[in-house]
Amino acid sequence: MFALTMVQKLIPEINKVYFINQYTLFHILSGSGSIQVDFKNYSNWQDKAIYLEKGQYIKFLSGDFVVRTIEFPSKELFHNKEVRVLFKHLISLGYIDFKECDECQKYLSETVFEPNSTDIIDVSLKQWHWQNPFNASKDEYQVIFDIKEVIDKEYQNHLTNKDFEAIVRDNGYKAHALVKDKLGITIKRLFANKKLVESQKELAFTDKNVQEVSYDLGFKDPAYFNRLFKKNTGYSPTDFRNNFDFNKKDSFVDDLLQLIQEYHHEQRALGFYADKMNLSVKALSKKTRAKMNDSLGRLIRNEIILTSKRLLHEGESVKEISLQLGFEEPNHFSNFFKHQTGITPSEFHS
């Protein structure tokens, strides 16, 4: 049993960087936009929850989010090998879908303000394993997260394939084959991704020069670090730092998102938004990628999907929604919806 340091309702500022200083649960109560965690953007977060650990950050890329946060002071709790699946995210941001979890909803509505309880951790763990995001057994997950822990601790060093095989050789699993099969990615790429994220954090949130950052990340040759960073991000380390100046007030994100929210019903063309922002399509696309780590086209498509889901929840027919969102035919809208979400509008509404 442990005490909750803080449970609060938060209406986050748009595009503000919130640094995580303690293990924290974010329960997204409402919101129609995207969030960004460690330079990756994610959409459709209403009524979902994520656990973040110290050293991460979160940004809300829309102004209508309402969030419940719970901070946990007990570091020992999160060293538990079962609990780590909640916050040691693998290839994407792990989450708990509270719409599918009656026990989670009951707990948060009835007992969230009790000062001493680990129940929220227990129900989240049950839900996470029920969701089973990578279709793996609990033993397989433990091996995968053993590897993730080593990567998190050793990313500044250069580990060989044999080093990783040695980690799990007593468990009867072949590390590389297991990770590739379940995550669809190699250990080498997981390792490289961790290095990239940490280098981005050093550039965005410290005043170290590029040479210092490259040495901190275990690169002996700063020129090689520069080439590798640009290959993975499209920007040199210096350009990346200038574009992600989190202390400088920049209305670009607010202005662009407001335009998309206002015109996505009728405007799909990138040129329309470029004209409104007084930029060329190429310049707007590049700046959007740099500022929001996402493409302009995907931001527009995400907004269309969010609106269509809201309208489906409100009982609007496919025909009515297709007209409201500017589709020529209802089947065009249905095909678009299925392509973006993997299910038809009827399946979503049922």
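**Entry 1**

I began with Asn 135, which counts as exposed at 59% relative accessibility. For that word I used these cut-offs: buried is under 20% relative accessible area, exposed is over 50%, and partly exposed is in between, with a 1.4 Å probe and protein chains only. This is a predicted model, where local features need pLDDT of at least 70, side-chain atom pairs count only at pLDDT 80 or more, and totals for chains, interfaces and linings use all residues. Residues are numbered from 1 along each chain as its sequence is written, and side-chain values use heavy atoms, with hydrogens and water left out.

I looked up the backbone of Asn 135 and found a positive phi of about 50°, although the residue is not a glycine. Most residues other than glycine have a negative phi. Asn 135 sits in the loop between α2 (119-131) and α3 (138-154).

I placed Asn 278 in the loop between α11 (270-276) and α12 (281-292). Asn 278 is exposed, at a relative accessible area of 71%.

**Entry 1: helix α2**

I counted 13 residues in α2, which reaches 18 Å from its first C-alpha to its last, close to the 18 Å expected at 1.5 Å a residue. The expected span is 1.5 Å times one less than the number of residues. Which residues of α2 are buried? They are Ile 120, Ile 121, Val 123, Ser 124, Leu 125, Gln 127, Trp 128 and His 129. Asn 132 follows α2 and has a positive phi, near 45°.

**Entry 2: helix α15**

Helix α15 (residues 330-341) has 12 residues and spans 16 Å from first C-alpha to last, close to the expected 16 Å. I noted that Phe 333, Phe 336 and Phe 337 of α15 are buried. They cover an arc of only 100° around the axis, which puts them on the same side of α15. The arc is that of the directions from the helix axis to the C-beta atoms. An α-helix has 3.6 residues a turn, so residues three or four places apart point the same way. On the face turned away from the buried side of α15 I found the exposed residues Asn 335 and His 339.

**Entry 4**

I traced an open sheet of 4 strands in the order β2-β7-β4-β5, with antiparallel pairing. β2 (18-19) and β5 (40-42) stand at the edges with a single partner strand each, so one side of each is left without a neighbour in the sheet. Two strands count as paired if DSSP finds at least two bridges between them. How many bridges join β4 to β7? There are 3 between β4 (residues 35-37) and β7 (residues 57-60), which run antiparallel. I checked Val 37 and found its bridge partner in β7 to be Ile 58.

**Entry 3: cavities**

I found 2 cavities of 30 Å³ or more. On a 1 Å grid over the protein atoms alone, a cavity is a set of points where a 1.4 Å probe fits but cannot get out; a pocket is an open set with protein on both sides within 12 Å along at least five of seven lines; lining residues have an atom within 4 Å of a point. Grid points are joined across faces, edges and corners, and a volume is the space filled by probe spheres set on the points.

The largest cavity has a volume of about 80 Å³. I listed 12 lining residues, with Gly 33, Ser 34, Leu 257, Leu 299 and Glu 303 nearest its centre. The largest share of this lining, 4 residues, comes from α13.

The second largest cavity has a volume of about 30 Å³. Its lining is Tyr 235, Asp 239, Phe 240, Asn 243, Phe 244 and Ala 290. Helix α9 (residues 237-243) gives the largest share of that lining, 3 residues.

I ended with the second largest pocket, which has a volume of about 1000 Å³. Of its 32 lining residues, Ser 43, Asn 44, Trp 45, Leu 306 and Lys 309 are the closest to its centre. α13 gives the most to the lining of this pocket, with 9 residues.

Notes
Helix = DSSP H or I, 4+ residues; strand = E, 2+ residues; numbered from the N terminus.
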